[in-house]
Amino acid sequence: MLHKKNADDKRDGDTDMVTEKKRDYKKEYKDFHGTPAQIKARAERNAARDKMGLKVGDKREVDHKNPLSKGGSNSTRNLRVVSQHTNRTKAAKRK
């Protein structure tokens with residue numbers, strides 16, 4: 001008889017279901033989020049949020065009409081405030 005795991009069997013972030021090994025968040029941060037490129041990208045996103053007047057906790061996001069990765073800028077002409085759903089849907093279409 002197969003035992004199905006439900007959501008209560010694993011707390012988010014405790015272990016990986018396949019390897020049953022704890023995640024090393026410090027290593028993940030150091031290897032990805034702590035890289036100079038990611039720090040620069042995060043600073044640019046935060047600058048855009050600040051420019052558009054979004055406060056911490058505001059669920060809306062700043063959409064770059066022409067993405068930073070495609071040569072866009074943080075000028076107000078390239079920015080608009082949209083819902084999270086709208087911004088993420090746009091990103092999915094771009095791929």
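User: Which residues does His64 touch, not counting residues up to four places away in sequence?
Analyst: A contact means heavy atoms within 4.5 Å. Here His64 touches Ala48, Ser73, Asn74, Asn78, Leu79 and Lys90, with residues up to four places away in sequence left out. This is a predicted model, where local features need pLDDT of at least 70, side-chain atom pairs count only at pLDDT 80 or more, and totals for chains, interfaces and linings use all residues. Residues are numbered from 1 along each chain as its sequence is written, and side-chain values use heavy atoms, with hydrogens and water left out.

User: Is His64 buried or exposed?
Analyst: Buried means under 20% relative accessible area, exposed over 50%, and partly exposed in between (1.4 Å probe, protein chains only). His64 has 11%, so it is buried.

User: How many salt bridges are there?
Analyst: Side chains of opposite charge can pair when their charged atoms come close. The rule asks for a side-chain nitrogen of Lys or Arg within 4 Å of a carboxyl oxygen of Asp or Glu, and the count comes to 7. One of them joins Asp63 and Lys90, with the closest N and O atoms 3.2 Å apart. That pair links distant parts of the chain, 27 residues apart: Asp63 in strand S1 and Lys90 in helix H3. Helices (H or I, at least four residues) and strands (E, at least two) are DSSP runs, numbered from the N terminus.
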